[in-house]
Amino acid sequence: MKHSSIQQESFTILVTGSVLGSQANESALRFAIAALEQGKSVKQVFFYSEGASVANSKLLPLADELHATKLWQGLQRDYGLDLSVCIASAERRGVVGAQSADDHQIDGQNLADGFSVVGLAQFHNAMLSSSHLMRFA
Amino acid sequence: MSKTTILYVFRSSAWHGRSAADGLDALMASCAMELNVSALFLHDGVFIVKRGQGQEQSNTPSSQLRGSTIRPKLLSKPFAALYDFGCEHVYVCHKSLNARGLCTDDLTVEHELVSRDQIATLIDQHDEVLVF
């Protein structure tokens, strides 16, 4: 029996597909919206590997294209959704928060508002406290 | 409460994007948290643990760029040490291995060969399954 001690249905969402090269963000957004609108608990959305690319504040898709970053930010504002990005995945892809920019003496940060950089331990904590892990690649 | 069991499934070779490397990082984090971790090598993932990779650390001109040797980070070594990290079981898909002309002696890590039916059972038995 999976996580028999977790009573309430809750989700951790893992996004590993790139923001442009896969349908991962669109599918994950649809899933997250459906879950939240039904009052389900989404403990964390964790962006790992190529998934970290969505946290770049300087992504500028065309007007008729999906702006996944903005949609995630909207969910974060409306539902207080935890948008966590793996720090190693993010930095490899040029997505840096204020602290990293300072540490590496890079001019300016580009981590999108509403996203936070964390380590894999935080992902594990969310996964272990959720009844379901959903991965979108 | 019994420890959460996690099955890491590796389906891509070490040279196909960053899947294998990122999967290894996540696996090591799970091991550090003392979870019950297993690894399964499936499809091209069996190439990750193939012997003989990285032996040609060539110094030919094509491998030199502005005086620095272009040397990709090898994953075969950390993957050969999965048990040392705390991984409890290593499984390899028998059919995937055969389909690529490999046999159990070609692999760097001690493993248990499993059939497709056994893989289905493994997936069912683990609390979480992460595919890379």
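**Contacts and overall form of chain A**

Visitor: Which residues does A:Q73 touch, not counting residues up to four places away in sequence?

Guide: In this predicted model, contact means heavy atoms within 4.5 Å. With residues up to four places away in sequence not counted, A:Q73 touches A:L83, A:A112, A:D113 and A:F115.

Visitor: In which helix is A:Q73 found, and does this residue count as buried or exposed?

Guide: A:Q73 is found in helix 2 of chain A, which covers residues 68–79. Buried means under 20% relative accessible area. The relative accessibility of A:Q73 is 15%, so this residue counts as buried.

Visitor: In what order do the elements of chain A run from the N terminus on?

Guide: Chain A has five helices and five strands. From the N terminus on, these elements run β-α-β-α-β-α-α-β-α-β.

Visitor: Why is chain A described as being as compact as a globular protein of that length?

Guide: For 137 residues the globule rule gives 14 Å. Chain A is as compact as a globular protein of that length because its radius of gyration is close to that value, at 15 Å.

Visitor: What share of the contacts in chain A with a separation of 6 or more is accounted for by residues 24 or more positions apart?

Guide: Contacts here are heavy atoms within 4.5 Å. Among those in chain A with a separation of 6 or more, the share from residues 24 or more positions apart is 79%.

Visitor: How far apart are the mean positions of the positive and negative charges of chain A?

Guide: Chain A has 10 positive and 13 negative charges. The distance between their mean positions is 7 Å.

How values were computed. Residues numbered from 1 in each chain as written. Chains lettered and ligands numbered in written order. Predicted model: local features only at pLDDT ≥ 70, side-chain atom pairs only at ≥ 80, totals over all residues. Heavy atoms only, no water. Helix = DSSP H or I, 4+ residues; strand = E, 2+ residues; numbered from the N terminus. Rg over C-alpha atoms; globule rule 2.2 N^0.38 Å. Lys, Arg positive; Asp, Glu negative; His and termini not counted. Charge placed at Lys NZ, Arg CZ, Asp CG, Glu CD. Buried < 20%, exposed > 50% of the residue type's maximum accessible area, 1.4 Å probe, protein only.
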